[in-house]
Amino acid sequence: MPFVAQQRVHFGPYELDAHAGELYEHGLKLKLQGHPIQILAMLLERPGELITREEIQQKLWPSESETFVDFEHGLNTAVRKLRQALGDEAETPQYIETLPRRGYRFVGEIAPEGSPRAPFGEALATLGDVTGAGTTPAAGESATVANAGGAVATGSIALVGETRRRRVSYRTILVVLLPVLLGIPAWMVRSAWLRDEPLQVISTKQLTFSGFVGYTYVTLENYRSIQTDGRRIYFSTFERNPLRSVSVVGGEETVLPTTLLDLAILHISPDGSYLLVRRSISEKGTTEAPLWLIATNGGGARRLGDIEAQDAAFAPDGKTIIFARGHELYLTDLQGSSPAKLADTPGHAFWLRWSPDGQRVRFSLLNSESMRITLWELGADRKLRPLLKDWNGGQQACCGIWTGDGKYFLFSSNNQYWYVAEPGGWPNAKPKALTASGLSVTAAAANPLGKEVFISATSVKSDVFLWDLKANRTTPLNPELRPMRVQYSGDGQQIAYTKYSDPGIELWLAKADGSDRRQIVGPSIRAVMARFSPDGRKLAFMARRPDGPWKIYWVAVEGGAWHEIPGPPLNQADPNWSPDGQSILFGQPPESFSDPGVGRYLYQFDLRTGKTTEVAGSAGLFSPRWSPDGRYVAAMSIDLQRISVWDVSKSGWRPLVTYPVDNPFWSPDSEWVYFNAQQDAYLWRVRARDGRVEKVLPKPMTTSYRWCWCNGFAPDGSALVTCQDDRRNIFALELR
């Protein structure tokens, strides 16, 4: 019996109502009608068989008045619309295969007639009865399943079982790379990727060339993730259209339409039909934001209920979603209804990933005190356990994924990826390096349909320029130092500068001409935001030791011991000297750096008494900047949408400008606050006394750099501009 005789035909997440001529995806009606629906119905009548172009013409374009050109155009347009609705690719078809000059064939798997369409409670499979009564919790309630110590609540639970894999027919593309002939960078030629048995990288191929993979904000969850369904690779950018994709064999990047901005891609559904996303930084300035489902076929976006979370991931069954909120894990369905609490975690959980068989979940965990990131697992035995408990291969272990066949587990440490052969012997596994190159590997995704792993990787180049705002001309500043950021002493005779190193950021002192260099902070520590005291005799800076919080230190310029500002707060940022040099004003890092869920305030540390006091009215502010004359303090809101100013003589805060802002700094005369705009390439300024806003100039970007931002003034009145080239692209690694 032809399948369309069933009236309703199910395949993957789709359902065709042949009688009504309607196509549904996960129960939602798609905007598709006419010839595309009719062609789909013809293909479903004879799945796996060739439907010739002549058959389609006779049935759908029978009029003798229509020319051959009309038919060709109409057929190609209809098939293109149908593929777009199904999220299908002509090069790697999952449903509709093209037989050149002959016709088309349906190659997907059709569900048997009468097969059950399990509701959420049943879709949990062996996840079982989380409430002990066979129902999900009512709104406002939750059912705890496990806690950080491994205790089990009433009711049984195991993890979601693997759904039956669809038969997928696609054209196998073997890419054998000859790096020198094809011009792949020298880091690949010189044994860029370690090839240690049993897992080997046998070839590499660059898939994107724009450099726009990933977005600006570096969050602690490392949300520069890439996701793939085996046919296309999805990634986010900081452009006006933030979601993009590229074929797994390379080619032109495609924009995925959405009205949402500044998106972090969390995961992709097993069938590739939906992306799970959220804003990288929420309106509250946190990484906990509303979750959205965006159709990869361009069909729009919808909220996942009223859930706000820092991370989420689809289960292998495609119907269940796990999400992390604070220190808790939950399960929900595709509507986001009645979340069921799964476990308490001993830290901030993110980068959630199910095993291919659905029997366990692994995730990264941030310890807010040590700032150490570790790998954890929630197993089928319903217990939480740390992985790599005694491994000393890197400061952090983060962001794990399974290979498509589930035989290896990969994770990131020190900007490279490592692997463990499953079952691994956890927690005493001995990881081996998979990648080793001059590039920094920021994310990875395994091809579920092949033996490839796709990575996003970058190398960072940084330079500082003197920008004459009157002549609009730039001059390199001490290029031999390779500086990332430069700060002058008050008399203009010294500079403090930071520079990239492996694996940290070094801090150096030198004379203004770059001579007489002395290292203050070595490469094992990340140091930023160095500032001289008004008399030039002390230096305050923000730094983070391995597995430690961000702290503020001050040290005598002539040398000596570091002096640490004691907590609270635990994490500290942005040191600024008072005009008399006797106190340091500072804030806290944004949630994208540390301490998720902790309120943000400004503080003042008195060097004479050793006491820290909270600045009144500073809730929700960070990144303070004291004006040179000591009259004002400017600070940004935690959501980066506003600058407020505090008139010290009046002891009160007032809004100064509302705009997407970054890196504010004062003019030497204390009249203006300059700031970098996030949504355009201009330098702006706002006058402190009356809030007058002026657009100064477009920042002096060239094709050699991706980003430029200003962060202060040099003694000659030139603006200090840091320009970076951190182009990030996607590469395919073929494994053996």
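**Close-up views of a predicted model**

View 1. Leaving aside residues up to four places away in sequence, L75 touches I39, R53, I56, W61 and Y104, where contact means heavy atoms within 4.5 Å. Keep in mind that this is a predicted model, numbered from 1 along each chain as its sequence is written. Local features need pLDDT of at least 70, side-chain atom pairs count only at pLDDT 80 or more, totals for chains, interfaces and linings use all residues, and side-chain values use heavy atoms, with hydrogens and water left out.

L75 is one of the residues with the most contacts inside the largest nonpolar core, along with F11, L23, I39, L44, I56 and L86. This core has 30 residues. A nonpolar core here is a set of buried Ala, Val, Leu, Ile, Met, Phe, Trp, Tyr and Cys residues joined through side-chain atoms within 4.5 Å. Buried means under 20% relative accessible area, exposed means over 50%, and partly exposed is in between (1.4 Å probe, protein chains only). The elements giving two or more residues to this core are β1 (8-11), β2 (14-17), α1 (35-45), α2 (53-60), α3 (68-86) and β7 (103-106). Helices (H or I, at least four residues) and strands (E, at least two) are DSSP runs, numbered from the N terminus. There is also a second, separate core of 26 residues, which includes L199, L366, A446 and F731.

**View 2. Two cis peptide bonds.** Most peptide bonds are trans. The one joining W426 and P427 is cis, with omega about 0°. P427 sits in the loop between β27 (416-421) and β28 (432-433). Another cis bond runs from P568 to P569, again with omega near 0°. For P569, look in the loop between β40 (563-564) and β41 (573-577).

**View 3. C399 and its positive phi.** Most residues other than glycine have a negative phi. C399 isn't a glycine, yet its phi is positive, at about 60°. You'll find C399 in strand β25 (residues 398-402). C399 is buried too, with a relative accessible area of 0%.

**View 4. S670 in the turn of a hairpin.** β49 and β50 form a hairpin with five residues between them, and S670 in the turn has a positive phi of about 65°. The loop that holds S670 runs between β49 (661-666) and β50 (672-677). Is S670 buried or exposed? At 3% relative accessibility, S670 counts as buried. The two strands run antiparallel and are joined by four bridges; two strands pair if DSSP finds at least two bridges between them. W666, for one, has V673 in β50 as its bridge partner.

**View 5. Strand β50, covered on both faces.** Six of the six residues of β50 are buried, so the strand is largely enclosed by the rest of the structure. W672, Y674 and N676 lie on one side, with V673, F675 and A677 on the other. β50 also forms a hairpin with β51, with four residues between them. Five bridges join β50 to β51 (residues 682-687), and the two run antiparallel. Here F675 has W684 in β51 as its bridge partner.
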